[in-house]
Amino acid sequence: MSGKHAQALAPDTTLIAQTRPDETRAAALMRTLLTRRELMLVVLLVIMLVVLFGLSGAGVTSGPYNGVTLASNLINVVPLAMLALAEMIVILTGRGAIDLSVGSIVSLVSMAFGYMYGIWGMPLWASIIGAVLVGAVLGSVNGALVAFLGFPPLIATLATYYAYWSLAIVVNDQQPISSPEIQALYDTARSLPIFGESFPRIPAGVFLFLIPTVVVVWYLVSRHPLGRRLYAVGTNDVAAKWAGIDLARTRFTAFALSGAISGLVAVVTVGQFASARPDAGNAGSGMALPAITIAVLAGVAITGGIGRVSGVVIAALLVTWLNAGILLLFPGNHGTQYQLLALGVLLVGAALLNGYTNRKYHIIN
Amino acid sequence: MIDATPRVRLTGIAKRFGAVRAIRHADLEVLPGSVHALVGENGAGKSTLIKVLAGAEVSDSGAVEIDGERRTFSSTADAIEAGIATVYQEPQLFGELTVAENIFIGRERRRRGTVDWRRQHGEVAELLELMGLPERYATVPVDDLSIATKQQVSIAKALAQDAGVLILDEPSAILTDAEIAVLFGVVRRLKERGVAIIYISHRLDELFLIADRVTVMRDGETTGTHEMADMTVRSIAEAMVGGLDVAENRRRDLSASERVLRLEGLTRGDDFHDVDLDIGEGEVVALYGLVGSGSSEISAALWGMKRATSGRILLDGEPIVPRSPRHAQKLGIGLLPADRKGQGMFGFQSIAFNVTAGRIAKFARAGLWFDGGKERSVARDMIDRLAIKTRGEKYPIASLSGGNAQKVVLARQLVIVPRVLVLEEPSQGVDIRAKEEIHTIVSELSDQGVTVLVVTSDLPEALRIADRIVVVRGGTTTTEFGPTATQVDVLAAAAGDARTEDHE
Amino acid sequence: MTDLLTRDRPAAGKRRGRVLPRALSTQEVVLIGVLVVLWILLGVFTPNFLSAQSIQPLLASAAPIALIGVGMTAVIVTAGIDISVASMLMVCAVVMAKLMVDSSWPVPLALLAGVVVGGLCGLLNGLLITIGGVHPIIITFGTSNIFMFIGWRIFDSKVVNGIPTSVAWFGRGADGRFLGVPHSFLLVIVVAAALWWYMRYTAGGRHFYAIGNDQHAARLVGIRVQKRTIIPYVLTGLLVGVAALVATANGTQTLAQSVGQGIELQAIAAVVIGGTSIVGGRGSVLGTLLGALLVQTVESGVIQLGWAPQLAKFFVGIAIIIAVGADLLQQRLTRRAS
């Protein structure tokens, strides 16, 4: 419609100050904390650790909460942080993009990995690559539905959530795969005295899976051209199109990457439980929920264009260590219950905070 | 019968946005049962004045009187209540709801709690008849209708509110001749009913068919009201221009240079047809077209956003068919979009991000590692060259004024200088200083040999920077103006005065 | 007089008095056809699908999905979504169960309590979404957890035994039927008809569509967007309360924490398959009803065919893709014409 641009707009001279001379110290501090989510998360993390360490020292917790606890719980950080990064990549592309199917992809690829490594006897390295590839293919289905067929991401990933979950269960008649090779994988979940005997042992999975994934995702999002496109499309997809960016390809790639990461998480969980289980990613309320919670907590905006890897990692640590602390404060089933509450409250609170911050400081309409 | 009290009287209206005075001083009197045209160039203040009357903006000073009573509007709802109905170019309708529902939305006639569909249907039928639309349209979802019909529904909706004042903002821009005739029929019937109609249009020749009086605005001021019977197209154009001589123009005769871009018989259905255009190396050609002329569709075709159905585009003699903005870029075309906020800016991203967003791959070493250092230096270079007022390339583009933000989006196109640079409305919504700076940049570019096509509805701009001006009207290229063109000539040609068709 | 319509649309329905678009959309007609075909096929390939013993429990099982789906239709029409309904159902169910078992409340009173609890949960969702200005999917993800926590605490890691047999009125057994149709399903029809009427014939109902179409424009024409956006969530909450009792009655005398697990996705599937657009502005309750029947038919059918029960999920996923894909295609064809 040619009418649009010639509708004489009032001259736009609203100058949002680059300098804020009349901002008080307190307001500046608030602004920094709110817009630099990583900083706020670090502060919260430190406060939380201090409180929990203190409670542990005072004997309130049912078990010690100390450096060893933190280190050993890192094994739980691995899958959660990885999936949260996957969600971040998708959510960055904006327009409410989200991936509900990550848990089901984990389940289905777990079974695929179980077949490749446990039944068909493929070498480990090939099976791992295979898992990532299968995950990427499954994610690509989401990508094709969204980017090329125009499905709303919620619906596309809802459908694949169902489809992949059922396939995972059916493919081996609801039975997990626990061949000897798989069981031997439990070794990967071992903790290693990386920093010498006096320092707590770090689970091997951190080095084998988490750190490489964090590095690769960081590289893709911050240094590879793809990252630029992700942020551009998420910030303003119309402007991205006019600037010559291929919207469909960018969105498709985001979903494919999310699937690939989920595929790798499948390998992690198989190793962790020494068994390829058909409900690996769907047990309880599924893996998508905590992953999305961590991403939102990390400041990833559901409208797109905002989010950083560092935030996601810190948020994952925060949530995992908080969960560990909760289990020690409320032993037994109560612990799991309070974990759930914490997750829910964190999500709602973080979302409201994101909304408030973005409206106030990021000039989002 | 002359009614002494004007339906609408605006006195001493002034409105500024930040540093820019959109309206310096405006007076307007509209009598009931009359069609009052409001004309003026882009930026003259027409739209802002209308927004003040419609309650969408609050004036800084001045008074609004409706039927002799002083009124203050703090919102559009207030204005609607006072009987002022506005129909904008973009129909503000709910696509999924029916025509009848749209007409009554928010003010449904009720009976015992539920909607009185029967009564509404009756009223809708009446309105549709007035508009010349079939009764069965009442139950059709609006999205099924053509854009012209949607506009008629908008008008019907305005009427359903018992409007005493109807403001039509460029209504004929999107209509065919037949549809315009229907529209005029409706307007005349409304006139008979005593409605005061304010008709904004660039199409001066049409005004003679429908308007009784015309008020001209220029540079934020209403310069006078005249009876249509006393005017001609040319005299209105002169009043709009005001004898302001656009002194500094650099119209050079570059007809001998190699043709870089050539459009031959380019056609795309209803959007444009038989477009002929050629631009020489280092030449600046302005494609001057008013609202609805088709000029923006033509540039969209160059940018690969819409495809022409027949005709050719030749770049350096080679026929090209841009398939997408990426493809157009690869072919050597650059384009600055018209809607800065919606199509150009990545609002909360940094200036550097915005500058490099069009050439991401080129900033990546070996296609794998985005060179932040190079990005910074290019951004800083652009900030220097284009005199962008900012504290640094890290600041978000949304923190800049309109003019500076525009320069950033322009810079995006200059990272790798294209063979042909298309600028859509380059100084729209930009303050005077930045406007001059942007024009200087364009001149410098053309001196360096860049071929520039400026698609604009801002005539002084076209006269200032272009070597030649090609007028677009009714979806096709019509008159071409060279070095001796005056503002009045071009305006009259674009607004449809047949006598100027043969101007060189 | 030029006909300015872009697409030929026959003047459907009576000329006088019909002031709204056709009551039955293409999607719904297709859905009815698909259901009929499925039922016939299942009747042929299974021992006794088309028998009362089969259809009655099917209707009873479809009832909770349909009840929630009806409310969810209004939510999705206003361009929202509510993923917390499963947890909400658990909370309502356990509250009602405890009241009936531990405090001996009669069933109708307990139902009232459950409905109130559901309504309050829905209100919380509505308030957080409108006041916080945050995308509903994130908020309801979060409240889903919070509700689940509350439900778990009330369950206290136990199950509730001894659900009184009087709930059978809502159940799938012989006591729960009227003329062979389960009460719960009749309830569904009543509720669905009421909301269908509301969304088609009252201004408030039509305003849902306006809000889903263009929230900003809706505000400009004077619609109370905030209030109108909260109502669907509250309505859904109330319906979840009813669905909770039906789900309880459909089960055994023991209520476990797993009650209602996965129903949020079934409800959304029902709505989407029924032709309601996830981006809002379009849709109808009738479609949701058919969608719920389809989802349940798939689940029951798979079991009766002797296939792995999880395959039902697969088919539901496929159904979602087909339904939404068809809808997108239709929209694209319409747009291309205009």
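Predicted model: local features only at pLDDT ≥ 70, side-chain atom pairs only at ≥ 80, totals over all residues.
1. Two residues are in contact when their C-beta atoms, placed from the backbone, lie within 7 Å. Helices (H or I, at least four residues) and strands (E, at least two) are DSSP runs, numbered from the N terminus. Nine of the nine residues of helix α17 (residues 487–495) of chain B are buried, so this helix is largely enclosed by the rest of the structure. A residue is buried if 20 or more other C-beta atoms lie within 10 Å of its own, exposed if 12 or fewer, and partly exposed in between, with C-beta atoms placed from the backbone.

2. Residues are numbered from 1 along each chain as its sequence is written, and chains are lettered from A and ligands numbered from 1 in the order in which they are written.

3. Chain B contains an open sheet of six strands with mixed pairing, in the order β18-β21-β22-β15-β23-β24. Its edge strands, β18 (333–336) and β24 (476–481) of chain B, each pair on one side only. The twist from one strand to the next averages 20°. Pairing requires that DSSP find at least two bridges between two strands. β18(B) pairs with strand β21 (residues 420–424) of chain B in the parallel sense over four bridges, and B:L336 stands opposite B:L423 in β21(B).

4. Helix α15 (residues 432–447) of chain B lies across β15 (284–289), β21 and β22 (451–456) of chain B, and runs at about 150° to β22(B). Axes are lines fitted to C-alpha atoms, for helices over the stretch in contact, and angles run from 0 to 180 degrees between N-to-C directions.

5. A second open sheet in chain B has four strands in the order β14-β13-β16-β17, with antiparallel pairing. β14 (272–280) and β17 (318–320) of chain B stand at the edges with a single partner strand each, so one side of each is left without a neighbour in the sheet. The twist here averages 25° from one strand to the next. Strand β13 (residues 259–268) and strand β16 (residues 310–315) of chain B pair in the antiparallel sense over five bridges, with B:E264 opposite B:R312.

6. In chain C, helix α2 (residues 52–77) and helix α9 (residues 225–250) pack at about 175°, their axes 8 Å apart. That makes α2(C) roughly antiparallel to α9(C); angles under 35 degrees count as roughly parallel, over 145 as roughly antiparallel, 65 to 115 as roughly perpendicular and the rest as oblique. The contact includes C:A60, C:L67 and C:G71 of α2(C) and C:Y233, C:L239 and C:V246 of α9(C). Its residues divide into 18 nonpolar, four polar and no charged. Ala, Val, Leu, Ile, Met, Phe, Trp, Tyr, Cys and Pro count as nonpolar, Asp, Glu, Lys and Arg as charged, and the others, Gly among them, as polar.

7. Chain A has 15 helices and two strands, and 56% of its 365 residues count as buried. The largest nonpolar core has 408 residues, those with the most contacts inside it being A:V312, C:L89 and C:I320. Such a core is a set of buried Ala, Val, Leu, Ile, Met, Phe, Trp, Tyr and Cys residues joined through C-beta atoms within 7 Å. A:V312 touches residues including A:A81, A:L85 and A:I294.

Note on methods: Lists of a residue's contacts leave out its neighbours within four places in sequence.
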